[in-house]
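Reader: I would like to go through this structure with you, term by term. Please say what backs each description.

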Amino acid sequence: MYRYVLKRLVLLIPVLLGVSFLVYFILDLAPGDAVDVLAPDDATQEDRERMREELGLNRPLVIRYLDYMSDLVRGDMGESYLSGQPVWDSFIEKAPNTLLLGFASLVVSVGLSLPLGIYSANRHGTWKDNVSMVLALLGLSIPNFWLGLLLMLLFALRLGWLPSGGADGFASLILPAITIGTGMMATLTRTTRSSMLDVIRQDYLRTARAKGVSERVVIRKHALKNALIPIITIIGTQLGGILGGAVLTESVFSWPGVGRLIVDSLNSRDTPMVTGAIIMTTMFFSVVLLLVDLLYAFVDPRIKAQYATKKGGKSNDNKQKQKASA
Amino acid sequence: MNGVNDDIVLQVEDLTVYYELEEETVKAVNHISFSLKRGETIGLVGETGAGKTTTALALLRLVPDPPGVIKSGKITVCGNDMLSLPVQKLESIRGKDISMIFQDPMTSLNPVFKVVDQIAESLEIHEKLSKTEAHEKALDMLETVGISRSRGGEYPHQFSGGMKQRVGIAIALACSPQLLIADEPTTALDVTIQAQVLDLIKDLKDKNGTSVIMITHDLGIVAEICDQVAVMYAGHIVEHGSLDEVFNHTLHPYTEGLFNSLPNINDRKSELKPIPGLMPDPTNLPEGCAFAPRCEYATEACKTTQPELRTVGGTHKVACLRYDETDFHINRGKKHG
Amino acid sequence: MTTSKSKKQAPDTAPVKKQRGQWAEVWHRLKKNKGAMVGLTIVVILIFIALFSDVFLDYDTDVIGVNTAERLQPPSAKHIMGTDEYGRDIFCRILYGTKYSLSVGVVAVIIALLIGVTLGAVAGYAGGPTEEVIMRFTDIFSSVPNMLMALVVVAALGQSMFNLMLAIGITSVPQFVRITRAAVLTVKTQEYVEAARAIGLRNYRIIFSHILPNCLSPIIVQTTLRVASAIISASSLSFLGLGIPAPDPEWGAMLSAGRRFIRDYSYMTLFPGLAIMITVLALNLVGDGLRDALDPRLKD
């Protein structure tokens, strides 16, 4: 198992490089470059060329990328066009806020959707089940920036119970966390329900009941642990949604996080800041996805066994390789 | 049959189970009755879909509901009226007094728990053992069914089908139940493994004096371990008696058909005589005898009148209208004289 | 026993129903789903509005024409959803905005569909190193969160309606690649594909006329649900000021503009959001219904 974790961590490196290169490459397609921003207005075409030379902007893309990454590893992502501050510092300053918000919304959505999904599955076909499924579908269909505005309107502006923005203590976390969490909660509730319904029909639950296991334990222990496997997959895929939701929600609630940093920088064409913040975020996200992937192994012994025998790599990777070499 | 008899482990009276689906009702089990004494083994024989498994699940009150509904009947297991027990009491009987080995070992074990824990669970529940004691005893059970103790920490997917079925047996027998239901315990297994598993059940039954309901469509298994036999067809018991009565003095045409579809090892030139046709749709059973459409002896009356199960001598019962005629006998009966 | 019984009966009854034609059967099942029918009705109405908005609304006067005399009026009989800060009728703008949201959603998904299905089919059918390369690339691509990827693409290509479609389309590609590949892998081993290969059909013919038609169900469902999420993404980007620029009445952009007035004129944020939600909800209802209708086994 430890060897597997280690191996996956090593395999993460090409993914991180791939992801960061992809982002770097696409952003490089943007018209204009640093010289357009940095050069004085009266600079001649020659002056600009010389500046490009000095800044190394006319080197091939891959070289510039490698250069960027080697600086990044040392904590240097250049300076913001706008503030002149190091990008690294701005990112590190905002990152904890987004992490906190993301974590809070994860807690909200998982905490509410698992019980709700199980409840629905157990009352499959009743009006209670139908109502929660309609609610889940609504949650899935509501644009979260709009939900954020509605919540703000009601709880901050009309009722005055909660602050309408900023990051000032627990109270200010509540509305943004619910806003982001709703979409994921809707998806997770649906997944939990269908996955429980799937598991509920399995023979091994009948075996458990025949053993005299009480219905409560059958559901919470025997069924849930099996149902968790697809649920974890969905949590993994939804984490991207949380991040995306953070971009919007931070803008709605003036939450000083990375999402708002990215949007503000995009609007002010602050390329080093955009590049740095997005590359850092996507790389961090890849690490989180790996962690989710590892979580599987702890829930499903079949996957753990696969890892143990194949010594890393997804099983079909190896199969592919065998096929390719044959 | 009447009065409480300490020796009677199981009594089923007039059990009827339907599956009520949206558009149709599957009449899975219809008015069946039988009883079982301590240490005795009954074989429930019939084709797939005859209602055997539903009967077994009803005994544990585990018929999936919805859509399954126990329409009528009384089930008494070790003096407990299973159908009126509160759920908690029911849970204390399941796995303790009555337990079940399931047909498909591949899907009957929980894939995410260690094998030993799955056996230990019922010990923890019923014998009130501590975790470590239950664990120890579970490993003992594993050894009893012929699996090395060292493999207890493994997961079901690491076991072969035969081994999984052994685990299933270990789970079922962990608390030494008085009544064991074995639902086609060997159907999903290789022939060589079948014999081993059967021997195992037989040994354990003899050692503990367990009563067994052996559900099977394999008459060979019945001949080997059963004391009484109930032949089921389309949710009805059509013939019921001791092993000798049913096997050597067969009365029902369907039972005869079952025997005729068996290859005869002593006479390899003899032709197999399969029963023509298929079992009727259980959502739409014929008005008369359910077997009539496939029966070579059927008369017009058979198509309109449901035969009652009647005693014809000793413990032997048959549900066939033709026995109203005093001189009626089936071919097999003739041969045996 | 009866459980195995019902399983056994399914194949007996299926061929009988098949005679009705596969798609007729799907339609029959879909019709019984009330939610899907409500959704479908709404979608049809929305398509109608989108197609004919230019007929009953004049862009220059009704949609972007400034009328300072009637600015910031609350909902009334004359302006049932009120007016915005330029005195424009919000109801007219929302009606007109339908075509932006729908066309962005549809075109974005068509882009994703074309790229994703092709790559997925090739990966699934070819296998080997080709599959490996496509799938690794897809993995890397999808480990960038959708919203960030869309931001990156918009940032690189600049702000326009087509770039918005492209940005959202690109982010949806990995899903289609995966789904198509998975479906192709399942279908590939079926005997009729073996048969097609045995009679010497060319690969592309096998893929397009034998494999893909049998992979349609998951792709259709995914397409419907993706249009819904593409509409949310598009309005999100517009809300952030990175999508369709003013003064076009894109719902997200309207919301963004209305936001400044939320305290006193909340109807300006209420109605555009409601429009987005109803559209997305309708598409999700249809998508859910289609999934159940196309694969009844999946239905609980």
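Predicted model: local features only at pLDDT ≥ 70, side-chain atom pairs only at ≥ 80, totals over all residues.

Reader: What scores does the model have, and what is the mean pLDDT of chain C?

Author: The model scores ipTM 0.85 and pTM 0.79. pLDDT is the predictor's confidence in each residue, from 0 to 100. Chain C has a mean of 83, with 92% of its residues at 70 or more. Residues 1-18 of chain C fall below 50. Beyond near neighbours in sequence, that stretch has 15 contacts in the model. A contact needs C-beta atoms, placed from the backbone, within 7 Å.

Reader: How many helices and strands does chain C have?

Author: Chain C has 13 helices and 0 strands. Helices (H or I, at least four residues) and strands (E, at least two) are DSSP runs, numbered from the N terminus. The C-alpha trace of chain C spans about 75 × 45 × 35 Å along its principal axes.

Reader: What describes the packing of H6(C) and H8(C)?

Author: Two packed helices are described by the angle between their axes and the distance between the axes. Helix H6 (residues 128-142) and helix H8 (residues 161-188) of chain C pack at about 140°, with axes 9 Å apart. The axes are lines fitted to C-alpha atoms, for helices over the stretch in contact, and angles run from 0 to 180 degrees between N-to-C directions.

Reader: In which hand does H6(C) pass H8(C), and which residues make the contact?

Author: The crossing is left-handed. That term applies if the near helix is turned anticlockwise from the far one by less than a right angle; clockwise gives right-handed. H6(C) brings C:Ile134, C:Thr138, C:Phe141 and C:Ser142. H8(C) answers with C:Val173, C:Pro174, C:Val177 and C:Arg178. By class, this contact has 5 nonpolar, 2 polar and 1 charged residues. Ala, Val, Leu, Ile, Met, Phe, Trp, Tyr, Cys and Pro count as nonpolar, Asp, Glu, Lys and Arg as charged, and the others, Gly among them, as polar.

Reader: What is the hand of the crossing of H5(C) and H13(C)?

Author: That crossing is right-handed. The axes of helix H5 (residues 90-126) and helix H13 (residues 267-294) of chain C come within 11 Å and cross at roughly 35°. Residues in the contact include C:Ile94 of H5(C) and C:Phe271 of H13(C). Here the classes are 6 nonpolar, 2 polar and no charged residues.

Reader: How many residues of chain A are in contact with chain C?

Author: 44 residues of chain A are in contact with 40 residues of chain C. Several helices of chain A each supply at least two residues, including helix H1 (2-28) and helix H10 (215-252). The chain A side has 31 nonpolar, 12 polar and 1 charged residues.

Reader: What does chain B bring to its contact with chain A?

Author: Chain B gives 25 residues and chain A gives 20. On the chain B side, H4(B) has the largest share, 4 residues. That side divides into 10 nonpolar, 10 polar and 5 charged.

Reader: Why are S6 and S11 of chain B at the edges of their sheet?

Author: The open sheet has 8 strands in the order S6-S7-S8-S3-S9-S10-S12-S11 (chain B), with mixed pairing. Two strands pair if DSSP finds at least two bridges between them. S6 and strand S11 (310-313) of chain B each have a single partner strand, so one side of each is left without a neighbour in the sheet.

Reader: What makes S7(B) and S8(B) a pair?

Author: 5 bridges join strand S7 (residues 179-183) of chain B to strand S8 (residues 211-216) of chain B. The definition asks for at least two, so the two strands pair. They run parallel. B:Ala182 has B:Met214 of S8(B) as its bridge partner.

Technical notes: Residues numbered from 1 in each chain as written. Chains lettered and ligands numbered in written order. Contact = placed C-beta atoms within 7 Å.
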